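I opened this notebook to record what I looked up, entry by entry. The coordinates come first, then my notes.

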Amino acid sequence: MRGVSDVSMEEASDHDNRGATNDEINVLPTHEYTKKQESSEQTGKDGEAEPCAICLCEFEQGDRVRTLPCFHNFHQHCIGPWLVQNKV
C-alpha cells in the first residue's frame, strides 16, 4: 500500500486541479501600463510603484498588465501561467 508521500506531484495534480480555467483568467481586466499610473497604482514603502510580484521586474511603459480582484497588478505573461496552476 502506498502512503501519501509515495504519491507523485503529477498524480496529485491530476486529482486536485487548483488552477483557473482560461475563461476565468480571460475575464480579469488587462490594460497597457503607463508611467502616469504610478500615482494610482499600489506603492511600496518608498513610494515607488510595486513591481510584478512574480518576475520582480518593474512595470515599463507599454507592458500588458492584468489586475486581479484584490487589485494587485502583474505582467499579463507572468500571471497567466501562475493562475493556470493556482486559482485566486
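**Entry 1. Cysteines**

Is C52 buried or exposed? I looked up its relative accessible area and found 0%, so C52 is buried. The model is predicted, and I read each value below as computed from it.

I then asked how many disulfides the structure holds. The count is 0. The cut-off for a disulfide is 2.5 Å between cysteine sulfur atoms.

I repeated the search from C78. Its closest cysteine sulfur is also in C55, at 3.8 Å, and this is again too far for a bond. C78 has a relative accessibility of 11% and therefore counts as buried.

**Entry 2. The chain as a whole**

I counted the elements next. The protein chain has 3 helices and 3 strands. Along the sequence they follow the pattern α-α-β-β-β-α.

What share of the 88 residues is buried? I noted 26%. The chain exposes about 6,600 Å², and 53% of that area is supplied by carbon and sulfur atoms.

I also checked how far apart in sequence the contacting residues are. Taking contacts between residues at least 6 apart, I found that 54% join residues at least 24 apart.

**Entry 3. The sheet**

In what order do the strands lie in the sheet? I wrote down β1-β2-β3, an open sheet of 3 strands with antiparallel pairing. The edge strands are β1, residues 30–32, and β3, residues 73–75, and each of them pairs on one side only. On average, neighbouring strands are turned by 35° against each other, with direction ignored.

I looked at one pairing in more detail. Strand β2 covers residues 64–67 and is joined to β3 by 3 bridges, the two running antiparallel. Within this pair, V65 stands opposite H75 of β3.

Which helix packs on the sheet? It is α3, residues 76–85, and α3 touches β1, β2 and β3. The direction of α3 makes about 100° with that of β3.

I moved on to the segment after α3, where N86 lies. Is N86 buried or exposed? Its relative accessibility is 16%, so N86 counts as buried.

I then listed what N86 touches, not counting residues up to four places away in sequence, and found R18 and G19. The side chains of N86 and R18 are joined by a polar contact of 2.6 Å.

**Entry 4. Two positive phi values**

I searched for residues other than glycine with a positive phi and noted L56 and F71.

L56 has a phi of about 65°. Its place is the loop between β1 and β2. With 64% relative accessibility, L56 counts as exposed.

F71 has a phi near 75°. Its place is the loop between β2 and β3. The relative accessible area of F71 is 62%, so F71 is exposed.

Where is P29 found? I located it in the loop between α2 and β1. P29 is partly exposed, with a relative accessible area of 47%. Leaving aside neighbours within four places in sequence, I found P29 in contact with V65, R66 and T67. V65 is the residue I had already noted opposite H75.

I also took a distance from P29 to N73. The two are 44 residues apart along the chain, and their C-alpha atoms are separated by 9.9 Å.

T21 lies in another loop, the one between α1 (9–15) and α2 (22–26). I noted a relative accessible area of 43% for T21, so T21 is partly exposed. How many residues separate T21 and G80 in sequence? The number is 59, while their C-alpha atoms are 10.0 Å apart in space.

Conventions:
Residues are numbered from 1 along each chain as its sequence is written. This is a predicted model: local features need pLDDT of at least 70, side-chain atom pairs count only at pLDDT 80 or more; totals for chains, interfaces and linings use all residues. Side-chain values use heavy atoms; hydrogens and water are left out. Two strands pair if DSSP finds at least two bridges between them. Helices (H or I, at least four residues) and strands (E, at least two) are DSSP runs, numbered from the N terminus. Axes are lines fitted to C-alpha atoms, for helices over the stretch in contact, and angles run from 0 to 180 degrees between N-to-C directions. Contact means heavy atoms within 4.5 Å. Buried means under 20% relative accessible area, exposed over 50%, partly exposed in between (1.4 Å probe, protein chains only). Accessible areas come from the Shrake-Rupley method with a 1.4 Å probe; for residues, only the protein chains shown count as cover. A polar contact is a pair of N or O atoms within 3.5 Å; within protein, one must be able to donate a hydrogen and the other to accept it, and residues adjacent in sequence count only if both atoms are side-chain atoms.
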